[in-house]
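Biologist: Hi! Could you walk me through the pockets in this one?
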Amino acid sequence: MERLEESAWGLLERELFLTVPLLHDRLIKPFEGLLRQGFSPMQFYTLVLLRRKTSMAMTELAANFHIPKQQMTRIVNRLAELELVQRTGDPGDRRRICVCLTQRGQDALEHCRSLLGEHLRSWMDTLAPAEQQELTQSAQTLRRLLSKLPASPNT
């Protein structure tokens, strides 16, 4: 695959370098603040991943987040206490324990999406309608293109 010309590459690096902190300050931090009312950001990201993947082994979960299995176990233990996930045995390998989302976990994610929606509506009201449309289209483009990239340059 062809690479951008050096000047275009430099512009991309610069824009991403400047955009990531803005995303963090304007979107991620406020959303994580909303989450702290119910559970930690890492617990939320675990629920989101389980919604996408349906069921995963503990080792897969830990590897996905690049954390030790013991740390992932603590996260899943807390989510299980809250009845947001459940552990199930793998019929093909009795030593393997899988984790999946419960209905309560799905409901909790929907509640988080609703909270984010409320935050976004008040946030977007500060922009003109044309800017709202432009930001929506940009977010769609960014998500589509980022989903084509590997999760980490190291994986």
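Biologist: Which residues lie nearest the centre of the largest pocket?
Modeller: Leu23, Ile28, Leu142, Arg143 and Leu146 do, out of 46 lining residues. A pocket here is an open set of points on a 1 Å grid over the protein atoms alone, where a 1.4 Å probe fits, with protein on both sides within 12 Å along at least five of seven lines; lining residues have an atom within 4 Å of a point. Bear in mind that this is a predicted model: local features need pLDDT of at least 70 and side-chain atom pairs count only at pLDDT 80 or more, while totals for chains, interfaces and linings use all residues. Residues are numbered from 1 along each chain as its sequence is written, and side-chain values use heavy atoms, leaving out hydrogens and water.
Biologist: What volume does the largest pocket have?
Modeller: About 2600 Å³, counting the space filled by probe spheres set on the points.
Biologist: Which helix gives the most to its lining?
Modeller: H1, with twelve residues. Helices H1 (6–35), H2 (41–53), H3 (58–65), H5 (103–124) and H6 (129–146) each supply at least two; helices are DSSP runs (H or I, at least four residues).
Biologist: And how does that lining divide by class?
Modeller: It has 29 nonpolar, nine polar and eight charged residues.
Biologist: New topic: what lines the second largest pocket?
Modeller: Trp9, Leu12, Leu16, Thr141, Leu142, Leu145, Leu146, Lys148 and Leu149. H1 and H6 are the elements giving two or more of these residues, and H6 has the largest share, four.
Biologist: How much space lies in there?
Modeller: About 290 Å³.

Definitions and conventions. Ala, Val, Leu, Ile, Met, Phe, Trp, Tyr, Cys and Pro count as nonpolar, Asp, Glu, Lys and Arg as charged, and the others, Gly among them, as polar.
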